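Here is a report for a first look at this structure.

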Amino acid sequence: MAFSFLFLFLSFLLLTVSVSSTSNKPKTFIIHVQQDAKPSIFPTHEHWYESTLRSIENGDTSENRIIHTYSNVFHGFSAKLSTLDAQKLETSPGVLAIIPEQVRHVQTTRSPEFLGLKSTDSAGLLKESDYGSDLVIGVIDTGIWPERKSFHDRDLKPVPAKWKGECMAGKDFSVSSCNRKLIGARYFSKGYEATNGKMNETNEFRSPRDSDGHGTHTASIAAGRYVFPASSLGYARGVAAGMAPKARLAAYKVCWASGCYDADILAAFDAAVADGVDVISLSVGGVVVPYNLDAIAIAAFAATDAGIFVSASAGNGGPGGLTVTNVAPWVTNVGAGTIDRDFPADVQLGNAKITPGVSIYGGPALAPHRLYPLIYAGNEGGDGYSSSLCLEGSLNPNYVQGKIVLCDRGVNSRAAKGEVVKKAGGIGMIIANGVLDGEGLVADCHVLPATAVGASAGDKIRKYISAASKSKSPPMATILFRGTRLNVRPAPVVASFSARGPNPETPEILKPDVIAPGLNILAAWPDGVGPSGLLSDKRRTEFNILSGTSMACPHVSGLGALLKAAHPGWSPAAIRSALMTTAYTVDNQGQIMMDESTGNSSTVMDFGAGHVHPQKAMDPGLIYDLTSFDYVDFLCNSNYTTKNIQVVTRKYSDCSGAKRAGHVGNLNYPSLSAAFQQYGKHKLSTHFIRSVTNVGDPDSVYNVIVKPPKGMVVTVEPEKLVFRRVGQKLNFLVRVQAEAIKLSPGSSIVKSGSLVWSDGKHEVRSPIVVTMQEPL
């Protein structure tokens, strides 16, 4: 795997809009202040913030400059400032940090059954947790459509007494829109409007109501009630249910037409912590930067410190390496896999060859037993590049009318390509993956008969078009829609789009942590949006099928709620540990999970610890626990300054105690990851210190089983752990020895193995990952 050190530097530069920039155009900054620094002359922090702003202004007024104030995840505020004013503010008394705002984006059934969660089971995670009852999942997203059956409150107990949240009224959303299921709903738009001006309320709701669909979908994946019958345009018929069907929901709307703004995301976290949520689900991502510049990392730390389990999507930047986002070690990071269901829609060519594809087109099908003229959009019209991608206005109706059009994937959305083809008079569409997309396919609710095929299939269809165009038999094709197929093998498969490691910020912490179902997931959908998401799509459906790590994340959020309900004393780190150490890496054919993009075996950089296994996570045997002070030691050993550690954790540390932890890799994480920089050395070694807590049987003996990375020596001391009681902690030491290998400058290679503690009943598995790097 090529590992470019230059990438880390460039990605840092990409986001870090330096406060020392000479640009004076106002932009949004997050101002982090010391908690106890407010002078006593000010009655409130808000008065202090306003006075501080006035002190750095040149005749301007601070009125309306403050966007949000924060008091739970940290003390501070967000404001619209010129970079010159931001520079001045940085030196003001009590100011810890000025953080440039990021604009982030959402990372866009049968899955409970695939995960082994069945409502008919007399025992197991659903039963033991009472389906997550009384636990509150906060979903930070695009809002919610409260009338959906997935959010009904029939047979639910009263709202938990601990709940301090509210139901904010707004456009088409009243206080009565909430119930015993949806117990809270808020919206945060000031950050969005500070950058974009007043929102267009003809297209968006100034309320928690969802005008996009993404938030409704993710909320119902996490905690939707049982709904039967459920389907989308006739596909995926059956029962729809979330992971924690009785858990309560709180919707925090922060994502708008042009994205999700840090100022608003922070305000949502601030409210969620005060409201009393137990879990935060965040299917939103941005560029990876140091933790002290990452608003999500800072807010998530405060939430975790308050005992809230935070799960976030890994991102949809796969299949390339170094694409994973939301990488802070206190956030559970979720990649996407397939389930054992798909929606085949195959292409039949004029030469009688059948090419596999996928689609959830639900309209009138093409005429049976008939072939239609087939063209490649890139061969038609003037600008070959735009037309090959079927971009808006790029297709000539004279060439397209009545034909099936082959379009290349990329730039505009897959559904939008279909709209372009339909406008130009096309009768159908085939979307072909590019080389970088590989063979990974995503089914879409198209507005015309359409299907998606892999990169190799796209090449074959183009060759067929080229050859047939020169013969007496012009290119012809049709699309055969085959409905819903169950019990697909192999499954799960790592989704092509799922973001991959290594971790760009901290290579010693393996990310993603786990994968969960994220491809073609059926969940609730709002009334105001067509299933394709296009404005022109007037179809309406109660459920929709979407794909993305955005869909994988709420699966783990819901599972986190179930585990917390079953084990109220577990910390967020304990919940993640249970999910990671019980995860599996083999598919339903007994092979290592496949990488959808290549068809080859996937690796730990693709799936982390593996695919979640909820029933086993209920009883993991041992857990790797962590406290906020362990994360402080981690930041110390990552060479963060005392000030920057305070920005992230709100805790002062001189880092002297952290040296006992030794190095970054000694964070008590359920995976073990080492990065060796060779520098001409022949022999390389490192060690990991870990502590496990017994949550299984009182008298239990665990023996270690080590599968070292190929060509390396791994030793564990001791090789046996003898527990006498539940809650007992025991330590062990892992040594990894490797010999240098020949690599070109700037490149690297990843090797993996595993460490398993077994008592005959539980298998507590940790991946061992070693990255060998040759510096530039």
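## A helix crossing

Helix 2 and helix 3 form a right-handed crossing. A crossing is right-handed if the near helix is turned clockwise from the far one by less than a right angle, and left-handed if anticlockwise. Helices here are DSSP runs of H or I with at least four residues, strands are runs of E with at least two, and both are numbered from the N terminus. Axes are lines fitted to C-alpha atoms, for helices over the stretch in contact, and angles run from 0 to 180 degrees between N-to-C directions.

Which residues in helix 2 and helix 3 meet? Thr52, Leu53 and Ile56 come from helix 2, and Asp85, Lys88 and Leu89 from helix 3. Contact means heavy atoms within 4.5 Å. By class, this contact has 3 nonpolar, 1 polar and 2 charged residues. Ala, Val, Leu, Ile, Met, Phe, Trp, Tyr, Cys and Pro count as nonpolar, Asp, Glu, Lys and Arg as charged, and the others, Gly among them, as polar.

## How to read the model

This is a predicted model, in which local features need pLDDT of at least 70, side-chain atom pairs count only at pLDDT 80 or more, and totals for chains, interfaces and linings use all residues. Residues are numbered from 1 along each chain as its sequence is written, and side-chain values use heavy atoms, with hydrogens and water left out.

An open sheet of 5 strands runs in the order 30-37-36-32-34, with mixed pairing. Two strands pair if DSSP finds at least two bridges between them. Strand 30 (672-677) and strand 34 (720-723) stand at the edges. Each has a single partner strand, so one side of each is left without a neighbour in the sheet. On average, neighbouring strands of this sheet are turned by 20° against each other, direction ignored.

Inside this order, strand 32 (residues 700-707) and strand 36 (residues 748-758) run antiparallel and are joined by 5 bridges. Ile705 stands opposite Val756 in strand 36.

## An antiparallel sheet with a helix

Another open sheet has 4 strands in the order 11-12-5-14, paired antiparallel. Its edges are strand 11 (255-256) and strand 14 (284-285), each with a single partner strand. Helix 8 (residues 262-275) packs on the sheet. The helix touches strand 5, strand 11, strand 12 (259-261) and strand 14, and its direction makes about 65° with that of strand 12.

Strand 5 (residues 103-106) is joined to strand 14 by 2 bridges. Val106 has Val284 as its bridge partner in strand 14.

Side chains alternate along strand 33 (residues 713-717). Buried means under 20% relative accessible area, exposed over 50%, and partly exposed in between (1.4 Å probe, protein chains only). Strand 33 runs antiparallel to strand 35, with 5 bridges joining them. One of the facing pairs is Glu717 with Leu733 in strand 35.

Strand 18 (residues 345-349) has 4 of its 5 residues buried, so it is largely enclosed by the rest of the structure. It pairs with strand 24 (residues 476-481) in the antiparallel sense over 5 bridges. Ala345 stands opposite Phe481 in strand 24. Strand 18 also forms a hairpin with strand 19, with 4 residues between them. Ala352 in the turn has a positive phi of about 80°.

## Aromatic pairs

How many aromatic pairs does the structure hold? There are 17. Rings of Phe, Tyr and Trp (its six-membered ring) pair if their centres lie within 6.5 Å; planes under 30 degrees apart count as stacked, over 60 as edge-to-face and the rest as tilted. Trp145 and Phe205 have ring centres 6.3 Å apart and planes at 70°, so the pair is edge-to-face. The two residues are 60 residues apart in the chain. Trp145 is buried at 11% relative accessibility, and Phe205 is buried at 16%.

Phe732 and Trp757 are also edge-to-face, with centres 5.0 Å apart and planes at 65°. Phe732 lies in strand 35 (residues 729-739) and Trp757 in strand 36, so the pair ties together parts 25 residues apart in sequence. Phe732 is buried at 3% relative accessibility, and Trp757 is buried at 0%.
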